[in-house]
Amino acid sequence: MDGVESLERLLVALAIGLLIGVERGWMRREDPEGGRTAGLRTFALTGLLGGVVGLLAGRLAGGAVLLGLALLVYGALIGFLRYREMHHDGTYGATTVVAALVTFALGALAAAGEPAAAAAASVATAALLSLKSALHGWLKRLTWEELRAGLILLAMTVVLLPILPDRGMGPWQALNPRELWLMTILIAGVSSVGYVAIKTMGERHGIAASAVAGGLVASTAVTLTYARLARAHPDQERLLSAGAILAGATMMLRVLVVTGLVNVALLPWVLPSLVAGALAMLAAAALLFRHGPSAGAEAHLDLASPFELATVLKFGLLLAVIMLAAKLALAVGGNLGVYALAAASGIADVDAVTISMARLGGASIAPGTAAAAILLTAGVNTIAKSVLAFGAGGRKPGLHVALASAGALATGLAGLALAGPEGLLGRAVAAAIGG
């Protein structure tokens with residue numbers, strides 16, 4: 001290793017200390033000079049110290065012992081200083097000590113020849129430290145039932161997944177147990193993004209934010225909730241209708257993401273229509289938000305946790321049934337049978353058909369047929385939500401949602417001209433994926 005490379009590694013170690021030190025110094029910026037154990041300069045020097053010790057450890061015999069002793073001495077020193085600070089302030093906390101040790105270790109890692117990994121870990125460390133309030137707020141909102149459900153599901157996945165058969169089973173070899181469980185966990189993970197957002201920011205944080213977050217979990221439930229609120233709060237009808245429409249747009253983007261995660265080859269077929277439909281609904285929602293009153297009605301979204309074991313198992317069962325039904329529909333009715341299944345399923349759920357069609361597309365079902373079934377499911381679900389808005393909210397909310405849905409369906413149909421391998425946008429997407 002020449003001098004230039006050594007200098008580069010030490011600069012990375014120093015930058016790591018500065019990054020973490022900025023976060024620590026900002027958090028304690030109101031403390032008087034000398035009133036804290038470690039701030040920006042101390043953490044910057046800690047990263048540099050770790051880098052210097054890491055370089056020496058790589059060049060001297062018994063370098064690992066030197067590195068261990070240096071970390072031990074530094075840990076004892078920073079721990080003693082933090083103890084004095086806590087004793088003076090009457091507080092408790094080990095975060096500063098742990099952060100200092102991590103900074104030292106990451107500086108040493110950068111000097112040892114892994115600067116990229118050390119830099120990435122330092123960004124993660126600074127982000128984690130800065131999220132203290134958000135994480136604590138989320139923990140306060142987290143119920144024991146939600147925590148237990150998440151742990152049970154995680155345990156089942158870790159224990160079950162390695163032993164589940166990875167082959168087709170059942171009629172037409174339609175069910176692959178390992179793949180079925182992975183797809184079930186996938187949809188629970190996508191849904192959890194919205195669910196965690198609602199738990200973190202609160203259900204009453206705003207109609208638009210709750211609509212987007214709720215649309216990631218269950219757009220039909222959001223539509224029903226907002227339609228009922230619109231009937232109860234006619235002065236807020238435009239805002240609440242906009243929230244229902246926004247949830248529908250989120251559903252279309254969710255279908256696009258799930259399709260891409262399961263079978264990226266289908267993106268050229270579905271992307272033009274889904275993006276066009278989502279943009280039309282976003283435009284309608286923006287128009288209603290712009291012309292609605294400034295104050296919004298509070299919205300309580302009663303959404304089931306996507307990590308509840310019963311919820312996950314029900315979806316897994318539904319997904320298995322849809323996969324079997326898709327094989328049966330293809331065998332009995334051909335493409336028309338697949339379309340009929342997609343239309344019937346789309347009334348209540350889009351995820352099961354999206355995953356099953358994406359999985360079968362290009363294998364037992366032609367990509368165009370699978371993509372058309374996914375789009376048909378999303379379209380039927382959009383129409384179903386319009387009917388639901390009429391029934392639960394009355395004429396005005398139903399009309400707003402129906403007009404936005406009609407615009408989305410029209411633009412989605414227009415997007416079909418660009419879809420598929422031969423479509424202009426389809427060719428661009430296929431080229432991007434391939435290149």
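Trainee: In which helix does T250 lie?
Mentor: The model we are looking at is a predicted one, and in this model the helix that spans residues 237–262 takes in T250. The name of that helix is α10.

Trainee: Is T250 buried or exposed?
Mentor: The relative accessible area of T250 is 10%, and a residue counts as buried when that value is under 20%. Because 10% falls under that cut-off, T250 is classed as buried.

Trainee: Which residues does T250 touch, not counting those up to four places away in sequence?
Mentor: Residues up to four places away in sequence are not counted here, and contact is judged by heavy atoms within 4.5 Å. On that basis, the residues that T250 touches are A211, V212, G215 and L216.

Trainee: How many residues does α10 give to the largest nonpolar core?
Mentor: The largest nonpolar core has 52 residues, and Y226, I245, M252, V270, L274 and M357 are the ones that touch the most other members. Among the elements that give two or more residues to this core are α9 (207–232), α10 and α11 (267–291). The element that gives the most is α10, and its share is 13 residues.

Trainee: With which residues is L274 in contact, leaving aside its neighbours within four places in sequence?
Mentor: L274 is one of the residues that touch the most other members of the largest nonpolar core. Once its neighbours within four places in sequence are left aside, L274 is in contact with M252, V255, L256, L375 and A378.

Trainee: How many residues are in the second, separate core?
Mentor: This second core is separate, and V53, F104, A110 and A118 are included in it. Its size is 15 residues.

Trainee: Are α10 and α13 roughly parallel or roughly antiparallel to each other?
Mentor: The two helices pack with their axes 9 Å apart and at an angle of about 30°, and their crossing is right-handed. Angles under 35 degrees count as roughly parallel. The relation of α10 and α13 is therefore roughly parallel.

Trainee: How do the residues of the contact of α10 with α13 divide into nonpolar, polar and charged?
Mentor: From α10 the contact draws on R254, V255, V258, T259 and V262, while α13 brings D351, T354, I355, A358 and R359. By class, these residues are 5 nonpolar, 2 polar and 3 charged.

Trainee: How many helices and strands are there in the chain?
Mentor: The chain has 435 residues, of which buried residues make up 44%. Among its contacts with a separation of 6 or more, 74% come from residues 24 or more positions apart. As for the elements themselves, the chain has 16 helices and 0 strands.

Conventions: Residues numbered from 1 in each chain as written. Predicted model: local features only at pLDDT ≥ 70, side-chain atom pairs only at ≥ 80, totals over all residues. Heavy atoms only, no water. Helix = DSSP H or I, 4+ residues; strand = E, 2+ residues; numbered from the N terminus. Buried < 20%, exposed > 50% of the residue type's maximum accessible area, 1.4 Å probe, protein only. Core = buried A, V, L, I, M, F, W, Y, C linked by side-chain atoms within 4.5 Å. Axes fitted to C-alpha atoms, helices over the stretch in contact; angles between N-to-C directions. Parallel < 35°, antiparallel > 145°, perpendicular 65-115°, else oblique. Left-handed = near helix turned anticlockwise from the far one by under 90°. Nonpolar A, V, L, I, M, F, W, Y, C, P; charged D, E, K, R; others polar.
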